[in-house]
Amino acid sequence: MLTTKSIYFLEIMLNSRPLLTLITLCLVGCATNPYKTFYEPVAFPGEPNWERMFEYLKDGQEPILRTIDHTTYEETEKSLYRNGFMLIGQSNFSGAYFEKKLALSKAKEVGATYVLLYAKYNKDIKYQQKIVLPNYSSTNQYSNGNSNTYGNANVNLFSNTYNATGNNIYGNTYGNSNTYNNSSSSSYTSGYKTELVDAQYSEYDQFAGYYVKVKDEYVTFGVWPVEIPDKIRSKLQTNKGFCVGIVINQSPAYKSDILEGDIIISSNGEPIFDYITFLEENSGKRVELEIYRNNGFIKKIVTLNPKS
């Protein structure tokens with residue numbers, strides 16, 4: 001059985017949850033998923049079986065992803081708490097912009113049914129990037145040779161005999177020789193070279209919160225308490241009681257018209273010294289609460305759920 005401390009933890013986490021420091025990184029063209037790398041789960045101290053308090057993502061179910069502006073994150077998160085959701089982990093980093101599907105991938109991994117996502121532009125960052133380029137070189141050689149040889153010989157032979165038939169003998173000899181020689185050669189060398197080129201990317205603060213629904217049986221009273229504002233505490237002249245920060249829809253507090261901002265001073269006439277004691281002493285009971293609201297005191301009857 002889960003202790004009252006776990007229920008108390010659920011109902012005070014809105015105000016006690018610290019914001020993670022943004023981790024700055026330069027992830028440009030990186031194959032990793034920063035939503036996984038920089039994921040931080042929420043701890044539930046002293047509760048080894050805390051997982052059974054939640055309704056996790058079912059097989060075949062897709063997480064709901066909502067992208068919001070960073071200025072509206074707090075109010076949007078409060079709306080989730082009012083509907084019974086609980087933060088189970090978050091990813092927080094600063095760097096180049098990463099796609100939403102990477103946050104969804106992490107949500108499926110941890111079983112979150114709802115994801116709140118925002119990215120806030122910071123600045124453009126210039127840097128030098130190494131690139132690898134092909135490196136080619138070529139050599140061409142040409143040679144041309146031409147040789148011409150000409151020869152011409154002409155021989156005339158003549159004989160004449162008086163009182164006899166004359167014979168004329170002629171001989172001609174010609175010679176011609178041409179020689180050509182053309183040659184060429186080419187050579188190529190290839191490789192790669194590394195150069196630095198100027199580049200830039202836009203840096204964003206990026207956050208994803210992963211949420212699951214709390215099972216109804218683990219909501220005892222149904223409020224998230226906060227500290228009483230100093231001004232009201234001084235006016236009431238007491239350190240007792242607590243201020244209602246969030247009212248969970250359809251919880252015992254909700255059904256009894258407990259409102260956010262109410263200051264609950266006492267239960268059944270007994271002062272409330274701390275919220276844990278209030279839950280432990282009144283779980284499953286019907287109680288009369290004394291409440292300070294709008295500069296006056298009223299009373300409300302509430303029946304708390306039993307501990308699970």
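Me: Which residue forms a salt bridge with Lys78, and how far apart are the closest N and O atoms?

Reply: A salt bridge is a side-chain nitrogen of Lys or Arg within 4 Å of a carboxyl oxygen of Asp or Glu. Here Lys78 is joined in this way to Glu74, with the closest N and O atoms 3.9 Å apart. Please note that this is a predicted model, in which local features need pLDDT of at least 70 and side-chain atom pairs count only at pLDDT 80 or more, while totals for chains, interfaces and linings use all residues. Residues are numbered from 1 along each chain as its sequence is written, and side-chain values use heavy atoms, with hydrogens and water left out.

Me: Is Glu74 buried or exposed?

Reply: Buried means under 20% relative accessible area, exposed over 50%, and partly exposed in between (1.4 Å probe, protein chains only). Glu74 has 52% relative accessibility, so it counts as exposed. Lys78, with a relative accessible area of 22%, is partly exposed.

Me: How many salt bridges does the structure hold?

Reply: The structure holds 11 salt bridges. Among them, Glu75 and Arg82 meet through their side chains at 3.3 Å, N to O, and Glu75 is partly exposed at 46% relative accessibility. Another links Lys101 with Glu99, whose closest N and O atoms are 3.4 Å apart. Lys101 is exposed, with a relative accessible area of 55%, whereas Glu99 is partly exposed at 45%. Salt bridges also link Lys36, Lys106 and Glu109 in a network.

Me: How many bridges join S12 to strand S13, and in which direction do they run?

Reply: Two strands pair if DSSP finds at least two bridges between them. S12 and S13 (residues 296-303) run antiparallel and are joined by 8 bridges.

Me: Which residue takes a positive phi in the hairpin of S12 and S13?

Reply: Asn294 takes a positive phi near 50° in this hairpin, which has 2 residues between the strands. Gln237 has a positive phi of about 60° although it is not a glycine. Gln237 lies in the loop between helix H5 (230-236) and strand S9 (242-247), and it is exposed, with a relative accessible area of 66%. Asp257, also not a glycine, has a positive phi of about 65°. Asp257 is placed in the loop between helix H6 (252-255) and strand S10 (263-267) and is partly exposed, at 46% relative accessible area.

Me: What pLDDT does the protein chain average?

Reply: pLDDT is the predictor's confidence in each residue, from 0 to 100. The protein chain averages 81, and 72% of the residues score at least 70. Over residues 12-22 the pLDDT stays under 50. A contact means heavy atoms within 4.5 Å, and for residues 12-22 the model has 27 contacts beyond four places in sequence. Residues 152-165 also have a pLDDT below 50, with 26 contacts in the model beyond near neighbours in sequence.

Conventions
Helices (H or I, at least four residues) and strands (E, at least two) are DSSP runs, numbered from the N terminus.
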